[in-house]
Every structure is written in C-alpha cells, then in structure tokens.
Amino acid sequence: MNTVVENHFIDAASNRHLDWLESEAIHIMREVAAECTNPALLFSGGKDSVVLLRIAEKAFRPGKFPFPLVHVDTGHNFPEVITFRDKRVAELGERLIVGSVEDSINRGTVRLRNPKTDSRNAAQAVTLLETIAEHKFDACIGGARRDEEKARAKERIFSFRDEFGQWNPKAQRPELWDLYNTRVHPGENMRVFPISNWTELDVWQYIAREKLELPPIYFAHEREVIPRNGLLVPVTELTPPRAGETVEKQIVRFRTVGDISCTCPVSSDAATVEAIIEETAVTQITERGATRMDDQTSESSMEKRKKEGYF
C-alpha cells in the first residue's frame, strides 16, 4: 500500500489553526537551537516525530539541523516502523544516534526477569538517561502532547529534569508570554515539546496538509489479534496467546506505535488519512487509553515513569 498522503481538503479555519500551531512549534524549535548548547531531536518513526521532522525542516532548511536525531530502540519495535525510520533519516541526510535497551541489558544497567519477552517500555528511561549522559545533551526535543495522558497534561513545553533525569511536576518553571527559562547546570537537561498544544486530530490534519509519509501500520490492514482486557493484543513472538484465548483475524490500524509488548491496534477500516481524520474527530477515547497496555496498570503509571526519567 502507498503510504504517501495525497492531496486533501482542509477548510480555511482549520488551515489558520494549523498555521498558528506550526508557527508556535517553529518558534519553540528555534528557541532550543538558540538557547541550548547541545540539543537533540527524538525520532522514533511515529506520527508525532514525523511531524516534528517537518517542523524542523521549516525551521532550519536549507541548512542542516542544528542537532542530531536520537532514537531509544527497545529492540522490540515493529519492524515496519524501524524500516521507515531508517528510510526517512537517509532521505533527510541527517545523523541518527540510536540508544539500545539491549546494550543497557548487556551492561547490567537494565535488569529484566526475562529479557527476551518482558516489556522493555519502562526500561527506555534508563537507556535514554545513559544516551543523554554519553553525548552530554542539555535538551531533548520530543513529540509528546498534552491531550495524550493526564501526566503529560501537567508538563510545561520546556520541562526541566534534574541531574538524575527526574521530573518534579510541582517544580515546573513558569512560561509567561512564550518566554522560556532554558538554564541548566551540568548534568541537568530540558525535555522540550514543540507540539504540546496539538491534539491527535491536529496531527492528522497536518499530516494531510503536508502530505507526510508514515509507516504502513498506521493504516487499516488485516492482522491476527487477541481480545484481552478491552484491548486487541497483536499476535507476535513477544505477545503470544495465553491458554484459553482465541486468536482472531481483524481489520485494524495503530493509533500510536511503541514497544510491541505494550502497544495494541484498534479495530478500524480507515485506510486513508481522510478516513482517519473522520474517525479521530468523533472518538472519545485517547490514543494511549485505547492502545497502551502499560497505561492501564494504574491512574498514575505514566506520572511514576516520568518521575523516574521516562520521556
């Protein structure tokens, strides 16, 4: 299937709204380049980071990006997404730094009961902090949005992390009149979210307007899944059926992509960006609420992980 988006109609009001969001994101990205000594842009191959790449192109082209791209690879990512990641980086001609959870396991800084099958999602925090320390990054730009999850809604655009990489939601810096305090001491860093004010619908409308290419798993396709706890768990070597469970073939798509062990598709026949926009406009469940097993453990699971260094 061709995953390059064709021409789409965006009404004038939506276009003005996207122009405003884009302008704010460009301003934030240029602030990072101007105020931070050694920043990086996190790029996973997911839709939000694809949008960030387009923002970076508009902010800095025809020059090179003033930062490398960084991906924390769990080793349990969907292969379609990794293939797309490498293809997009090659097209841009930018530098990609990959932090590997597998390397952290081999070093002994990440310990799992069963490294071959256990979820590595939470372990990304350790590898991210190790990658930041190794390359001495003082800012990491990411595609988190406030509408995704309650803990992310608490976070500022420039989110300060202490020398241990930890986040304190009660010690956020004020951001009045789009003025950002980027000062950090050695060992401290900022996490920066240029599309913090965007919604999932905004992201898809921007993808349509900019004709951005995406990994094919974002679009409807047939896949074997297991209905479990209200989610559709993809059948893989990492997520096999349990005793008594029934494997079904369904037409599904992914609203978000992440570690295979905790990312689920949703039932959908939306095979085009227009269809996804229509579907997104009426959904009442957040993308993480509908697709992420790791966010169902408790109301505070994401906040706990973020305090420990998770992006």
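**Reading helices, strands and salt bridges in a predicted model**

Modeller: Helix 7, residues 200-210, is mostly covered, for 10 of its 11 residues are buried. Please keep in mind throughout that this is a predicted model.

Colleague: Which residues of helix 7 are the buried ones, and what follows the helix?

Modeller: The buried residues are Glu200, Asp202, Val203, Trp204, Gln205, Tyr206, Ile207, Ala208, Arg209 and Glu210. Helix 7 is then followed by Lys211, whose phi is positive, near 55°.

Colleague: Where do the buried residues of helix 5 fall when one looks down its axis?

Modeller: The buried residues of helix 5 (residues 124-135) are Gln124, Ala125, Thr127, Leu128, Thr131 and Ile132. Seen down the axis, these fall within an arc of 165°, so they line one face of the helix, while on the other side Ala133 and Glu134 are exposed.

Colleague: What covers the buried residues of helix 5?

Modeller: The cover includes strand 1 (39-42), strand 2 (69-73), strand 3 (96-100), helix 4 (101-107), strand 4 and strand 6. Just after helix 5, Lys136 takes a positive phi of about 55°.

Colleague: Which way do strand 4 and strand 5 run relative to strand 6?

Modeller: Strand 4 (residues 139-141) runs parallel to strand 6 and is joined to it by 3 bridges, whereas strand 5 (residues 158-161) runs antiparallel to strand 6, with 4 bridges between them.

Colleague: How many salt bridges does a search of the whole structure find, and what does the one between Glu57 and Arg88 tie together?

Modeller: The search finds 23 salt bridges. Glu57 lies in helix 2 (residues 47-60) and Arg88 in helix 3 (residues 79-92), so this pair ties together parts that are 31 residues apart in sequence. Their side chains meet at 3.3 Å, N to O, and both residues are buried.

Terms used. Residues numbered from 1 in each chain as written. Predicted model: local features only at pLDDT ≥ 70, side-chain atom pairs only at ≥ 80, totals over all residues. Heavy atoms only, no water. Pairing = 2+ DSSP bridges. Helix = DSSP H or I, 4+ residues; strand = E, 2+ residues; numbered from the N terminus. Expected span 1.5 Å × (residues − 1). Buried < 20%, exposed > 50% of the residue type's maximum accessible area, 1.4 Å probe, protein only. Arc of directions from axis to C-beta. Contact = heavy atoms within 4.5 Å. Salt bridge = Lys/Arg side-chain N within 4 Å of Asp/Glu carboxyl O.
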